[in-house]
Structures are given as structure tokens and as C-alpha cells.
Amino acid sequence: MSKFTVLDHPLIQHKLTMIRDKNTGTKDFRSIANEIAELMVYEITRDLPMESVEIETPMGKSMQKVLAGKKLAVIPILRAGLGMVDGVLELIPAAKIGHIGMYRDEKTLQPHEYFVKLPADIDKRELFVVDPMLATGGSANMAIDALKKRGANNIRLVVLVASPQGVEAIQEEHPDVDIYAASLDTELTDNGYIFPGLGDAGDRLFGTK
């Protein structure tokens with residue numbers, strides 16, 4: 001079974017409350033969402049492997065630590081996932097970026113894939129799939145399917161808010177994918193939105209209706 005982790009750092013929780021507020025405008029919503037993503041990735045990457053290398057400091061030669069192992073990539077689920085990419089890149093500027101486009105049928109709530117563009121070496125990278133909302137889990141499951149079909153084998157899912165149903169759906173379909181959220185919210189509404197949630201994260205990020 002995959003690991004589900006709520007990152008309850010006080011700064012993350014404070015900023016999440018700010019973007020939950022319906023009176024928070026597009027500019028602030030966008031900047032704070034990226035700040036939360038940056039804080040989350042800082043916490044999530046604590047277990048990245050390290051190796052020792054020799055460098056020369058102003059005082060002489062010394063063995064010091066650098067990142068080892070697989071390189072990283074961030075994969076936003078379009079379009080709302082774009083609102084977390086810059087925050088990840090603040091910490092990991094060398095990360096490659098892929099894109100997976102999904103839209104949800106408003107009547108059936110089922111996801112549909114319309115675009116996939118990924119780094120060529122996706123099978124050699126550790127992937128952070130980012131999306132503000134994990135509601136039914138349908139879009140995230142389809143995105144993870146698309147990545148695995150193209151050779152990805154090291155995937156983490158990073159969301160701002162999750163529903164119990166969404167977490168369960170990912171764990172059933174992809175027990176090898178760990179999930180990280182800033183909050184596990186109470187429930188899904190009848191129309192598939194998370195409560196208390198953020199509203200429509202894509203509309204709030206981009207100022208659309």
C-alpha cells in the first residue's frame with residue numbers, strides 16, 4: 001500500500017487557509033499556491049539520496065555531500081497543476097518539466113486525456129506529479145497510467161487538498177505511488193468538489209469562470 005502523508009507544517013497550514021478564503025484574489029492565490037508547493041517539496045525531498053564528492057573550498061580540499069541517484073522531473077496535470085510548478089522549480093531549478101492534459105466531463109465526472117508531453121528520459125527520473133486537488137482520483141489515476149505506459153517507475157503525487165475517496169482511489173490503482181497533501185479534507189460534494197476545499201483551483205489560478 002502506498003504511503004499517504006499530510007504535511008502539517010505551520011507555514012503550509014497558514015498559507016493553505018489563505019487560499020481557501022473565497023476573498024483571496026487571483027494574484028495572491030497563484031503566488032501562495034506556489035509558495036505552498038515549494039514548502040511541500042522541501043519536506044518531501046528529505047529522503048533524497050546523497051553522495052560524497054571532493055571539492056576545493058577557499059581553505060582547501062574537502063569531501064562534501066551532493067544529491068545522488070535519479071534526476072527529478074515535475075509533471076503538472078493541466079491546467080491547475082501549472083499553479084504549483086514554479087514553487088517546485090524554486091527549490092529544484094534543474095528539474096525537467098512534462099505536461100499531462102486532462103479535462104473532467106461535468107456530467108459523468110470522468111477524466112479524459114487530451115495531451116501528453118514528457119522528457120525523453122522519463123524512465124530514469126523521479127517524478128513529482130502535481131495538481132492542487134485530489135477529488136475523485138480519476139484524473140490523477142489516468143495521469144499516472146499515462147506515465148507508467150511511457151516507462152515511468154518512480155512517481156510521487158503532490159496535491160494541496162485531498163478527499164478520502166481520492167486517496168483510496170490512488171492507493172487501489174497505484175499502490176506504489178506515495179501521496180503527499182497539505183490537507184485531507186472532509187468529503188466530496190455531489191458534483192465532485194472537495195469540501196471545504198479551494199473551489200475550482202483552475203478558475204481561481206487563472207481568473208476564469
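Analyst: The radius of gyration is taken over C-alpha atoms, and the globule rule is 2.2 Å times the number of residues to the power 0.38. Please keep in mind that this is a predicted model.

User: How do you know whether the radius of gyration of the protein agrees with that of a compact globule?

Analyst: For 209 residues the rule gives a radius of gyration near 17 Å, and because the protein has 18 Å, the value agrees with that of a compact globule. The box that the C-alpha atoms fill, taken along the principal axes, is roughly 65 × 40 × 30 Å. The secondary structure within it comes to six helices and twelve strands, and buried residues make up 45% of the 209 residues.

User: What share of the contacts joins residues at least 24 apart in sequence?

Analyst: Counting contacts between residues at least 6 apart in sequence, 65% join residues at least 24 apart.

User: Why is methionine 133 called buried?

Analyst: Buried means under 20% relative accessible area, and methionine 133 has 17%, so the residue is called buried. Methionine 133 has its place in strand E8. Apart from neighbours within four places in sequence, methionine 133 is in contact with Val159, Val161, Ile194, Leu198, Gly199 and Ala201.

User: And why is leucine 134 called buried?

Analyst: The cut-off is again under 20%, and because leucine 134 has a relative accessible area of 1%, leucine 134 is called buried. Leucine 134, too, has its place in strand E8. Its contacts, once neighbours within four places in sequence are left aside, include Leu157, Val159, Ile179 and Ile194, as well as Gly166, Val167 and Ile170.

User: Which residues of helix H5 are buried, and what covers them?

Analyst: In helix H5, residues 164-173, the buried residues are Gly166, Val167, Ala169, Ile170 and Gln171. Their cover includes strands E1 (4-6), E8 (125-134), E9 (155-162) and E10 (178-184), together with helix H4 (138-149).

User: Where does UniProt place the feature "binding site"?

Analyst: The unreviewed UniProt entry places this feature at twelve positions, among them Arg79, Arg104, Asp131, Met133, Leu134 and Asp200. Such annotations may be inferred rather than shown by experiment.

User: How far apart are the mean positions of the positive and negative charges?

Analyst: The mean positions of the 24 positive and 30 negative charges are 5 Å apart.

Note on methods:
Residues are numbered from 1 along each chain as its sequence is written. This is a predicted model: local features need pLDDT of at least 70, side-chain atom pairs count only at pLDDT 80 or more; totals for chains, interfaces and linings use all residues. Side-chain values use heavy atoms; hydrogens and water are left out. Helices (H or I, at least four residues) and strands (E, at least two) are DSSP runs, numbered from the N terminus. Buried means under 20% relative accessible area, exposed over 50%, partly exposed in between (1.4 Å probe, protein chains only). Contact means heavy atoms within 4.5 Å. Lys and Arg count as positive and Asp and Glu as negative; His and the chain ends are not counted. The place of a charge is taken as NZ of Lys, CZ of Arg, CG of Asp or CD of Glu.
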